[in-house]
Amino acid sequence: MTERAAGRVSMVGDAVPARVPYDRGAAARILFGLAGGEDFWPQMPEQPARRTIEYREEILRPARGSHLTARQLTYVLRSLQPCPPYLVTSARARITWRDSEGIVNVAHTGPLGAVVPIVAREATLTLWKLLAASTTLAERTARLDRQEAQILAATTTDKTPLDIFRTGVDAAARTLVQHAYLAAQTPYATPAAFARALHAGRIFHAVATTWHWGLQATTYRRGIVPASFVTFADGLRYSVDTTIALRALKDAQLAHARELAQRAQLANVELETLLDSHGTTPSSAAQYAHLREGERPRCLGQVTHQADGHRASVLSGLSQAFVETFVRLLDTVQVEHTAPAGAGTSSGGQVFEVPDMTCSHCTQTITRLLAELGVDPPEFDLVTKKVVAVFGSDEVRDRAFDAIRRRGYTVIPVS
């Protein structure tokens, strides 16, 4: 239980059964208690350091007769049904850069250019540092009792509060970058105006509510967004056909995950052995399987709670903090286009970077792909995006890299 100056927030209800730690309602209350409402998110320094970041660009070429590239179109037709292809918008280009921490990144750009993904990444790094240094978060995490910690571990994919909030910040960055492909559909001609319109129109909440688990990550890696906008006086909204398509996609993923879980239970095997071309991870299938019949999953941070006489959510504070940080950094981060690298890059080695690896879903997918080739579980560092794996031969390494790339990830050999 946490005490606040002007109110009291219950972190977990008395009715949570100890024998059943999976509880989305309780986990949502615990996270809200940790965040302490909308005033939790730390503010960045008044004078952030100026920096210049160079990027390389590759223009995307659509397939003949389509507005999507050949790979994007194949993915939409095979894995994004029942979403109609006309609703899917492609990015204009793919960029690669090293951020201010020296970590390699890959993203896609739309009409607003490379400044959106690059500054979104810098905003992410800034908020990550502030969270890691937050004594408030550290103290509240230390006060969690054993049952609360078990509920978070059983109900969420990222196990610690710091990791959960970090993932939330990363998801907010992806939401901004991905929806910027649609900027030409709106009257917002600058990154700052567009970011504020997303927040005002509650698009961050719409993603948390209507997108199924993993859809954002898989479409983000491929440089597409299955949505269209309608502009209102107070911001942006999804079109009706977008809402219908996203709900259908979520229902299809939910049904598929439950089917996997049921098959695993009947066969008395681990979920990992039943993964197929849909790419549903064991963690998402297990979490969906715990939902009651007719219950549809919601982002834990999007759930609203009563505190200090008003309704609030973790996501409200998170999205506001992210947009404000992004807008402020636009004045201090300069982006410059540079020529493509030469052809002399080494392709061998046991250490490689996966810039679009963002969470434990990604690490599970890569681990499974390598295991199918007889490679022992690798070591991951989600901060630096580095993977360390021991390959039996150059042929196995090359096949592994190709398998990872086919799943939509980028592989950059290091050594």
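Modeller: In this predicted model, a residue counts as buried when its relative accessible area is under 20%.

Biologist: What percentage of the 415 residues in the protein chain do buried residues make up?

Modeller: The protein chain is built with 14 helices and 16 strands, and it exposes about 19200 Å², of which carbon and sulfur atoms supply 52%. Of the 415 residues in the protein chain, the share that is buried comes to 53%.

Biologist: Is Leu127 buried or exposed?

Modeller: Leu127 has its place in helix 3. Leaving aside neighbours within four places in sequence, Leu127 is in contact with Pro42, Val169, Ala321, Phe322 and Thr325. Its relative accessible area is 1%, and the cut-off is under 20%, so Leu127 is buried.

Biologist: How are helix 3 and helix 12 oriented to each other?

Modeller: The axes of helix 3, residues 115-132, and helix 12, residues 314-329, come within 9 Å and cross at roughly 120°, and helix 3 passes helix 12 in a right-handed crossing. Angles from 65 to 115 degrees count as roughly perpendicular and those over 145 as roughly antiparallel, so the two helices, helix 3 and helix 12, are oblique.

Biologist: How many charged residues are there in the contact of helix 3 with helix 12?

Modeller: From helix 3 the contact takes in Val116, Val119, Ala120, Glu122, Ala123, Thr124, Thr126 and Leu127, which meet Ala321, Phe322, Thr325, Phe326 and Leu329 in helix 12. By class, these residues of the contact of helix 3 with helix 12 include nine nonpolar and three polar ones, and the number of charged residues is one.

Biologist: Which residues of helix 8 are in contact with helix 6?

Modeller: Helix 6, residues 161-179, packs against helix 8 at an angle of about 105°, with the axes 10 Å apart, and that angle makes helix 6 roughly perpendicular to helix 8. Helix 6 contributes Ala172, Thr175, Leu176 and His179 to the contact, while helix 8 contributes Ile203, Phe204 and Val207.

Biologist: How many residues of helix 8 are buried?

Modeller: The buried residues of helix 8 are Ile203, Phe204, His205, Ala206, Val207, Ala208 and Thr210. Helix 8 spans residues 203-210 and is largely enclosed by the rest of the structure, because the buried residues number seven of the eight.

Biologist: What separates the C-alpha atoms of Leu127 and Phe165?

Modeller: Leu127 lies in helix 3, and Phe165 is 38 residues apart from Leu127 along the chain.

Definitions and conventions: Residues are numbered from 1 along each chain as its sequence is written. This is a predicted model: local features need pLDDT of at least 70, side-chain atom pairs count only at pLDDT 80 or more; totals for chains, interfaces and linings use all residues. Side-chain values use heavy atoms; hydrogens and water are left out. Axes are lines fitted to C-alpha atoms, for helices over the stretch in contact, and angles run from 0 to 180 degrees between N-to-C directions. Helices (H or I, at least four residues) and strands (E, at least two) are DSSP runs, numbered from the N terminus. Angles under 35 degrees count as roughly parallel, over 145 as roughly antiparallel, 65 to 115 as roughly perpendicular and the rest as oblique. A crossing is left-handed if the near helix is turned anticlockwise from the far one by less than a right angle, and right-handed if clockwise. Contact means heavy atoms within 4.5 Å. Ala, Val, Leu, Ile, Met, Phe, Trp, Tyr, Cys and Pro count as nonpolar, Asp, Glu, Lys and Arg as charged, and the others, Gly among them, as polar. Buried means under 20% relative accessible area, exposed over 50%, partly exposed in between (1.4 Å probe, protein chains only). Accessible areas come from the Shrake-Rupley method with a 1.4 Å probe; for residues, only the protein chains shown count as cover.
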